[in-house]
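Please have the model open as you read.

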Amino acid sequence: MAMVLFPNRIPVKGILRPPSDKSITHRAILFSSLVKGSTHIKDPLVAQDTLSSRRLVESLGVQVEENQREWILSSPGFEDWSNVDRVIDCGNSGTTMRLAMGLLSLSDEPRTLTGDSSLSMRPMERVAQPLREMGIRVATAKGYPPVTIEHEGRARGITYEMPVASAQVKSAIILAALKGSEPTEIKEPYPTRDHTERMLRQMGMTISQTPNRIHVEPVTHWQRLHPEIFQVPGDPSSAAFWAALAGLLPGSYLTLRDVSVSARRTGFFRHLQQMGTEVNLTPHASAEEIGTMTISYRPLKAHDVDGTQVPDMVDEIPLVALMASQAVGETTIRGAQELRVKETDRIHATVENLRILGADIEERADGMVVRGPTALQGGGVKTFGDHRMAMMLAVAAAVAKEPIILDNEGSVNISYPMFFDQYRQWQNGEIFRD
Ligand code: S3P
């Protein structure tokens with residue numbers, strides 16, 4: 001459904017606990033299926049994407065019990081997965097499909113993964129190739145879903161140099177490597193989010209890391225592994241939309257509570273700091289990866305992004321472009337070609353939309369060049385069915401001069417179902433009280 005968004009310069013104020021982290025919730029759900037017993041997920045993200053992962057493990061025989069803000073997932077363990085569903089629909093979720101390619105290789109039964117029209121256009125060879133090197137049979141439709149995974153026994157351990165920096169690809173290889181006949185070594189071009197490594201280690205697996213290199217020891221005694229209690233923190237990629245609004249609207253002072261503050265996820269916040277916004281980070285004493293961030297408005301200046309910084313803010317680049325259009329100077333974003341194969345081609349979608357609104361922005365093969373500041377106009381924009389595009393455009397609407405018409409607001413349900421409720425609260429002048 002179309003939605004009209006009106007300019008609104010009310011500062012963002014208060015304390016907000018962003019929705020729970022999508023990446024961590026996906027992993028907690030998928031990893032619950034590995035070992036026999038009950039995994040507890042406290043504060044899971046309940047959104048379309050994570051429900052795709054939940055459906056996947058349910059089809060493997062995992063039973064889910066919901067208890068207030070906790071899910072308890074009871075699994076038979078991978079050796080006793082159910083074989084009733086051989087075709088599993090991953091919906092819109094690339095994380096579900098890519099991680100499941102590694103996960104399902106642990107089973108001796110073939111299974112096929114399908115997805116919606118957007119996921120069906122996303123490249124899967126980047127996962128299929130290393131898995132094939134490990135001796136796993138993976139069939140794709142000319143590199144795209146549906147994907148069939150078939151394997152018996154142990155996989156070969158490999159040394160793999162990843163051509164793209166992708167946590168999803170890395171995670172799939174790690175999962176397949178758990179049942180290797182030798183250790184597996186993965187080298188990343190740049191470090192990417194390491195939730196998989198941390199969470200599987202918590203469950204008792206032997207995975208060591210040095211910057212850019214991951215070493216996975218095959219599991220020899222599965223019965224010694226244990227299901228975990230996972231507490232899911234707030235998602236910095238969802239918090240980023242509010243941080244962006246706070247960075248754009250004079251007088252803003254926002255506290256984001258209980259957020260994942262892993263360096264691999266907070267590149268956008270470091271970027272905002274470089275643009276002049278005041279950002280303070282207080283890690284919690286008990287858990288170094290969770291903390292509170294405060295964001296206070298300051299005038300924005302341009303700051304470039306290169307390929308080394310992209311993995312730490314890969315989902316926030318459309319917001320970076322919007323911020324650049326409101327900053328003084330020229331911003332070049334390089335090395336962001338991965339955006340072309342996200343839920344939509346996010347480089348093209350960002351440029352097309354911001355141009356409709358009057359931004360001075362140029363498309364490049366691996367990024368964009370933005371000159372600012374420009375006063376954004378209103379107009380009809382397109383989400384391309386992409387949740388992050390919809391929310392970036394909602395942030396843009398706040399600082400535009402005329403109303404913006406969003407073609408379809410429903411896509412936010414993928415990662416942030418409450419987004420427009422909170423957006424309306426802020427538009428009504430309410431201060432966030434957490
Ligand atoms: C994710 C990794 C990123 C990110 C996606 C979630 C994950 O993708 O864009 O939203 O949970 O591992 P890539 O690792 O493919 O860049």
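This is a predicted model: local features need pLDDT of at least 70, side-chain atom pairs count only at pLDDT 80 or more; totals for chains, interfaces and linings use all residues.

Residues are numbered from 1 along each chain as its sequence is written, and side-chain values use heavy atoms, with hydrogens and water left out.

Helices (H or I, at least four residues) and strands (E, at least two) are DSSP runs numbered from the N terminus. Axes are lines fitted to C-alpha atoms, for helices over the stretch in contact, with angles from 0 to 180 degrees between N-to-C directions.

| Helix pair | Axes come within | Crossing angle |
|---|---|---|
| H11 (residues 387–399) and H12 (residues 419–427) | 12 Å | roughly 10° |
| H2 (residues 48–59) and H3 (residues 94–104) | 10 Å | roughly 25° |

Met391, Ala394, Ala397 and Ala398 of H11 meet Phe419, Phe420, Tyr423 and Trp426 of H12 (contact means heavy atoms within 4.5 Å).

H2 and H3 are likewise roughly parallel to each other. Their contact is made by Asp49, Ser52, Ser53 and Leu56 of H2 and Thr96, Ala100 and Leu103 of H3.

Now to the sheet: four strands form an open, mixed sheet in the order S6-S7-S9-S8 (strands pair if DSSP finds at least two bridges between them). S6 (87–89) and S8 (137–141) stand at the edges, each with a single partner strand, so one side of each lacks a neighbour in the sheet. S8 pairs with S9 (residues 144–150) in the antiparallel sense over four bridges, and Arg137 stands opposite Glu150 in S9. H3 lies across S7 (111–114), S8 and S9, running at about 175° to S7.

Notes:
Angles under 35 degrees count as roughly parallel, over 145 as roughly antiparallel, 65 to 115 as roughly perpendicular and the rest as oblique.
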